Amino acid sequence: MPNATTRPLPTIRILQVEDDPIDAELIQAELDADGIDYQVRLVDDEAGYIACLEEFHPDIVLSDLSLPGFSGQRALELLRQHDGDLPFIYVSATLGEEAAVEALRNGATDYILKQNPTRLASAVRRALAEAEAVRAKRRAEAELIRAQRFESLAMLAGGLSHDLRNLLQPLLLAGDSLQDYQDDPRLGRLGALVRDCGRRGLQMVQSMLSFARGARRAEQVRVGALMDALGLLLRGSVPRAVEMDLVIDDRELAFEGNHTELQQALLNLCLNAIQAMGEAGGNLRIEACECELAEDFFLQGEQPHPGRYLRLTVADTGPGMSPEVREHLFEPFFTTKESGTGLGLLSCQRIVAGHNGVMRLDSEPGKGTAFHLYIPIAEPDVEAAAQEEQGESLMGEAERVLVVVEEAGPLSLLVDILDGYGYQPHASQSGTAALQWIEAHGVPDLVVMDADMNLFTGVRTLAALIEHGYRRSVLLLARPEAPPDLEELPRLDRLYLVDKPINTQQLLRTMRQALGGQEAEASE
């Protein structure tokens, strides 16, 4: 009977190296008695063993020590060349103590004597658990290294963006100034050129910041305009040997996103596709269509948000990718091109993630490659549209806003956004620092605070602000699935909850509402 205290395993694939059918059945009977669900392949020669390693993809190998024309030592040696972590257990009647110790030194996981096979099932369970633990540790280490490398990139991108923004700002001012000289058309054209280059540079800076922080400025992107701009950019890059098809289901379809970043991602994928097809050429297909995604479409680790999506596809008829290349494709600095940086696809992935979307790859050797970008299409906000039609302005009027967020990245992003919309934001990474700022600089016009701080929570910070006499509006940023507990707080009439992840337009609209309410009360 199965051991009720052991956790059931999923179906495991066992490669059994054994030349005696009776011994093979006895070994399998031990696994059956323990309730292990398995598939088994039985081999007794080297050629069959190598073929099974490649085709069967076993989870564990059970091997006799001595076989005619083959041996357990050779089987272990071949396995370690194929996979350094796959469990290997000797099951033999002739394995002495010295040979057993030597086998373990050579990389075997365990050994079982055929005369006493009762320990076999527990040895298989332990070996599989240990192998999974080793793989999990390596995945964690690889992810840590990847995160550290990416963090370095993010810091570099953030620093460059800050410096470039300072350099580009004078270009905009100079361009506007040159256009004042209408008497000289050459100066007017030069001013327009300088101004446009400066604006394009600032868009690139914002893209770098988005890469570093995974954030973006929201705007309405129309699919037709996005694809037309992409076609113009590709016009001089597509060789004669490549036939380009641009397919758009609905040119008027619009969604909230960032035109420049999506254009950058699509252009990157298209140029990669052209390079992959090489001189032989082929077909480059760029397609935009609407689709519905169900909850089971999303992979483990992704946030499942079923609904309407825009699918942007870049497909080529090039050589395709091997499984090894696909496995490392989104690692920083990994590239198959001599002059590549290994950052292009990672940037695309970040842009898609910044739009709350997902990315899929479809590629096999000899069958070409297709990248699919799925961007969510939000339902129209009728109330927001009505407000925009009435001429609602989201720009600030130099109001002082104290932003209290513990994490440096989101804090810097919020400060940049508010600064760009005409506010005077002041950053604080803790409740203590916020109170100190108020004592030093006076009461701000508005407080924007994260509810999910660790050291001094948003609710505790808010309570301290109220104790210090703050009575103006507060915007509390909170996750809908984990709303803050406000029952113990003193009454605050102008408290606004803003859902995370933050929608820029909604945040700015709520700020105008909060500040407008204060002005109305002051006038009364």
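The following dialogue explains how to read several features of this predicted model.

Q: Which conventions apply to this model?
A: The model is predicted, so local features need pLDDT of at least 70 and side-chain atom pairs count only at pLDDT 80 or more, whereas totals for chains, interfaces and linings use all residues. Residues are numbered from 1 along each chain as its sequence is written, and side-chain values use heavy atoms, with hydrogens and water left out.

Q: Where is H355 placed, and is H355 buried or exposed?
A: Helices (H or I, at least four residues) and strands (E, at least two) are DSSP runs, numbered from the N terminus. H355 is in the loop between α10 (344-354) and β13 (358-363). Buried means under 20% relative accessible area, exposed over 50%, and partly exposed in between (1.4 Å probe, protein chains only). H355 has 2% relative accessibility and therefore counts as buried.

Q: What does the side chain of H355 reach?
A: A polar contact is a pair of N or O atoms within 3.5 Å; within protein, one must be able to donate a hydrogen and the other to accept it, and residues adjacent in sequence count only if both atoms are side-chain atoms. The H355 side chain reaches the backbone oxygen of I351 at 2.8 Å.

Q: How many aromatic pairs does the structure hold?
A: Rings of Phe, Tyr and Trp (its six-membered ring) pair if their centres lie within 6.5 Å; planes under 30 degrees apart count as stacked, over 60 as edge-to-face and the rest as tilted. The structure holds five such pairs. In one of them, the ring centres of F88 and Y90 are 5.0 Å apart and the planes stand at 80°, so the pair is edge-to-face. F88 is buried at 0% relative accessibility, and Y90 is buried at 2%. F297 and F298 also form an edge-to-face pair, with 5.7 Å centre to centre and 90° between the planes. F297, at 24% relative accessibility, counts as partly exposed, while F298 is buried with a relative accessible area of 10%. F297, F298, Y309 and Y374 form one aromatic cluster.

Q: Which residues have the most contacts inside the largest nonpolar core?
A: In soluble globular proteins, nonpolar side chains tend to be buried together. A nonpolar core is a set of buried Ala, Val, Leu, Ile, Met, Phe, Trp, Tyr and Cys residues joined through side-chain atoms within 4.5 Å. The largest core here has 35 residues, and those with the most contacts inside it are L284, L310 and L312. The largest share of this core, eight residues, comes from α8. Contact means heavy atoms within 4.5 Å. Leaving aside neighbours within four places in sequence, L310 is in contact with residues including V223, L253, F255 and Y374. A second, separate core of 22 residues includes V403, V415, V448 and L515.

Q: What is the strand order of the open sheet of five strands?
A: Two strands pair if DSSP finds at least two bridges between them. The order is β16-β15-β17-β18-β19, with parallel pairing. β16 and β19 (495-499) stand at the edges with a single partner strand each, so one side of each is left without a neighbour in the sheet. Five bridges join β18 (residues 473-478) to β19; the bridge partner of V474 in β19 is L495.
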